Amino acid sequence: MRTPPWGTVTILEESIHYRINRIEVKPGQHISTQMHYHRSEHWIVVSGTAKVIFNGKEHLLKQKESTYVPMNTRHRVENPGVIPLVMIEVQNGEYLGDDDIIRFSD
């Protein structure tokens with residue numbers, strides 16, 4: 001489990017070409033704006049509300065809703081709510097290493 005300042009990331013399952021994470025984002029917090037060259041991500045909201053920003057558009061997702069972020073897409077997720085945001089993230093790609101994360105200043 002990783003505990004960045006904005007919440008927690010727990011790896012649930014991992015293989016060569018996919019990783020499944022449980023991500024919890026604290027109220028009012030967000031992950032960094034980032035992009036990946038070698039993987040896509042599918043986010044499913046388990047509880048709370050997610051404000052997802054990619055391709056220059058904002059999407060609000062509630063419990064049981066999901067979105068797909070293709071490779072080479074600048075993206076970010078925020079928790080605009082008052083309860084923790086819990087998501088399941090499925091990463092797919094030829095390479096899943098952390099050095100494939102390109103972070104942008106917010």
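What share of the contacts in the protein with a separation of 6 or more comes from residues 24 or more positions apart? The share is 69%. The model is predicted. It holds 10 strands and zero helices, and its radius of gyration of 13 Å is close to the 13 Å given by the globule rule for 106 residues, so the protein is as compact as a globular protein of that length.

**Overall build**

- From the N terminus on, the elements run β-β-β-β-β-β-β-β-β-β.
- Along the principal axes, the C-alpha atoms fill a box of roughly 35 × 30 × 25 Å.
- Of the 106 residues, 41% count as buried.

- The protein exposes about 6,100 Å².

**Gln 34, in a strand**

- Gln 34 is part of strand β3.
- Its relative accessible area is 8%, and because buried means under 20%, Gln 34 counts as buried.
- The side chain of Gln 34 makes a polar contact with the side chain of Ser 32, at 3.1 Å.
- Beyond its neighbours within four places in sequence, Gln 34 is in contact with Thr 73, Arg 74 and His 75, and also with Ile 101, Ile 102, Arg 103 and Phe 104.

**His 38, in a loop**

- His 38 sits in the loop between β3 (33–36) and β4 (39–47).
- Leaving out residues up to four places away in sequence, His 38 touches Met 71, Asn 92, Gly 93, Glu 94, Tyr 95 and Asp 100.
- His 17 is 21 residues from His 38 in sequence, and the two are 10 Å apart in space, C-alpha to C-alpha.

**The two sites side by side**

- Gln 34 lies in strand β3, while His 38 is placed in the loop between β3 and β4.
- The contacts of Gln 34 include Arg 74 and Phe 104; those of His 38 include Met 71 and Asp 100.

Notes
Residues numbered from 1 in each chain as written. Predicted model: local features only at pLDDT ≥ 70, side-chain atom pairs only at ≥ 80, totals over all residues. Heavy atoms only, no water. Helix = DSSP H or I, 4+ residues; strand = E, 2+ residues; numbered from the N terminus. Rg over C-alpha atoms; globule rule 2.2 N^0.38 Å. Buried < 20%, exposed > 50% of the residue type's maximum accessible area, 1.4 Å probe, protein only. Contact = heavy atoms within 4.5 Å. Areas by Shrake-Rupley, 256 points an atom, 1.4 Å probe, with all protein chains shown as cover. Polar contact = N/O pair within 3.5 Å; in protein donor to acceptor, adjacent residues only side chain to side chain.
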